[in-house]
Amino acid sequence: MEASLLVLLAFIAGSRQASIKVDPSTLPTFLTSSQVFKVKDQDRVVLPCEVTNPGPYVLAWKKGIAVLSAGSVKVSPDPRVQLINGFNLEIREVGPQDSGDYVCQIGTLEPREITHTLEVLGFTLKSWNF
């Protein structure tokens with residue numbers, strides 16, 4: 001009896017999810033495309049993320065599994081990182097540890113995202129004085 005009830009509840013929950021209808025014309029879309037940024041060591045970079053129709057959806061910046069921001073809230077403890085002019089991500093005093101992919105994601109039912117790649121130039125192992 002309990003197993004049947006669980007199956008029924010799972011079916012009802014699945015039916016509710018499947019019945020969510022969203023008008024595609026009201027979904028947010030990116031005005032910004034994925035790009036590669038090549039920046040000199042210790043320079044500043046701004047990674048753009050401009051969206052139309054943001055509506056109630058939350059926009060987040062991520063690097064790997066680390067969440068840098070959610071909505072207008074900065075989550076990263078790094079003082080060099082901040083949001084400017086909306087949802088553009090600024091990184092000051094860029095260093096080799098900042099190289100990699102940065103994802104700007106909109107939390108729609110099927111998440112949409114763009115990925116910027118940051119390459120730090122002018123960095124060599126010699127500059128680390130090994």
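Val67, Val73 and Val75 make up a nonpolar surface patch, with about 230 Å² of accessible area together. A patch takes residues with over 30% relative accessible area and no salt bridge; like charges are joined within 9 Å, nonpolar side chains (Val, Leu, Ile, Met, Phe, Trp, Tyr) within 5 Å. A salt bridge puts a side-chain nitrogen of Lys or Arg within 4 Å of a carboxyl oxygen of Asp or Glu. Accessible areas come from the Shrake-Rupley method with a 1.4 Å probe, and for residues only the protein chains shown count as cover.

This is a predicted model: local features need pLDDT of at least 70, side-chain atom pairs count only at pLDDT 80 or more, and totals for chains, interfaces and linings use all residues. Residues are numbered from 1 along each chain as its sequence is written, and side-chain values use heavy atoms, leaving out hydrogens and water.

**Chain overview**
- The chain holds one helix and eleven strands. Both are DSSP runs numbered from the N terminus (helices H or I, at least four residues; strands E, at least two).
- Along the sequence the pattern reads α-β-β-β-β-β-β-β-β-β-β-β.
- Of the 130 residues, 28% count as buried. Buried means under 20% relative accessible area, exposed over 50%, and partly exposed in between (1.4 Å probe, protein chains only).
- Among contacts (heavy atoms within 4.5 Å) between residues at least 6 apart in sequence, 57% join residues at least 24 apart.

**The sheet**
- Six strands form an open sheet in the order E2-E11-E10-E5-E6-E7, with mixed pairing. Two strands pair if DSSP finds at least two bridges between them.
- E2 (36-40) and E7 (73-74) are the edge strands; each has a single partner strand, so one side of each lacks a neighbour in the sheet.
- E10 (residues 100-106) and E11 (residues 112-121) pair in the antiparallel sense over seven bridges.
- Gln105 stands opposite Glu113 in E11.

- Val67 sits in strand E6 (residues 66-70).
- Val67 is partly exposed, at 39% relative accessible area.

**Positive phi outside glycine**
- Asn85 has a positive phi, near 45°. Asn85 lies in the loop between E8 (81-84) and E9 (88-91), and counts as exposed at 71% relative accessibility.
- Glu93 has a positive phi near 50°. Glu93 is in the loop between E9 and E10, and is partly exposed at 49% relative accessibility.
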